Amino acid sequence: VVVGGGSAVSSSPPAAPARILGYINQPRNVWGTYLHGIFDDDVFRRFFIDWLRQRKKLSPINKVVAHYDLTLNFDRLASIVRETVDIQKIYDMLKL
């Protein structure tokens with residue numbers, strides 16, 4: 001359903017039945033999608049953020065400044081959990 005004069009975003013060729021991937025409103029300042037991980041790609045994320053910056057009259061940065069790295073972030077999280085959680089106590093509570 002498209003409301004408020006917005007546009008549906010489709011991945012289908014023009015002659016094919018539409019496969020709606022998301023929504024953009026008329027001023028193009030609200031996007032919605034069910035695509036998990038759409039901002040995981042560093043280059044796309046940079047393009048999108050720079051596009052937003054330009055809409056706000058800010059200069060684009062034109063280079064990736066934050067890399068999406070799941071392994072590094074999972075390692076950080078695991079380290080924090082190891083340092084702060086008493087795993088043995090959890091095992092004992094679960095009778096493992």
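Colleague: Arginine 45, buried or exposed?
Modeller: Buried: arginine 45 has a relative accessible area of 16%, and buried means under 20%. Keep in mind that this is a predicted model.

Colleague: Which side chain does arginine 45 meet in a salt bridge?
Modeller: That of aspartate 42, with 2.7 Å from N to O.

Colleague: How far apart are arginine 45 and aspartate 42 in helix H1?
Modeller: The two are 3 residues apart in helix H1, which covers residues 42-55, so about one helical turn separates them.

Colleague: And aspartate 42, buried or exposed?
Modeller: Aspartate 42 also falls in the buried class, with 18% relative accessibility.

Colleague: How many salt bridges are there in total?
Modeller: The count is 2. Besides the pair already mentioned, arginine 46 and aspartate 50 form a salt bridge, and their closest N and O atoms are 3.2 Å apart.

Colleague: Where do aspartate 50 and arginine 46 sit?
Modeller: Both are in helix H1, 4 residues apart, which means a separation of about one helical turn. Aspartate 50 is buried at 6% relative accessible area, and arginine 46 is buried at 10%.

Colleague: Changing topic. What is the overall layout along the sequence?
Modeller: The pattern reads β-β-β-α-α-α, made up of 3 strands and 3 helices.

Colleague: What percentage of the residues count as buried?
Modeller: Of 96 residues, 12% are buried. The protein exposes about 8,000 Å², and 62% of that area comes from carbon and sulfur atoms.

Colleague: What about contacts between residues at least 24 apart?
Modeller: They make up 10% of the contacts between residues at least 6 apart in sequence.

Colleague: Which helices supply at least two residues each?
Modeller: Helix H2 (70-84) and helix H3 (87-93). H2 gives the largest share, 4 residues.

Colleague: Pick tyrosine 91. Where does it lie?
Modeller: Tyrosine 91 is in helix H3. Its relative accessible area is 38%, so tyrosine 91 is partly exposed.

Technical notes:
Residues are numbered from 1 along each chain as its sequence is written. This is a predicted model: local features need pLDDT of at least 70, side-chain atom pairs count only at pLDDT 80 or more; totals for chains, interfaces and linings use all residues. Side-chain values use heavy atoms; hydrogens and water are left out. A salt bridge is a side-chain nitrogen of Lys or Arg within 4 Å of a carboxyl oxygen of Asp or Glu. Buried means under 20% relative accessible area, exposed over 50%, partly exposed in between (1.4 Å probe, protein chains only). Contact means heavy atoms within 4.5 Å. Accessible areas come from the Shrake-Rupley method with a 1.4 Å probe; for residues, only the protein chains shown count as cover.
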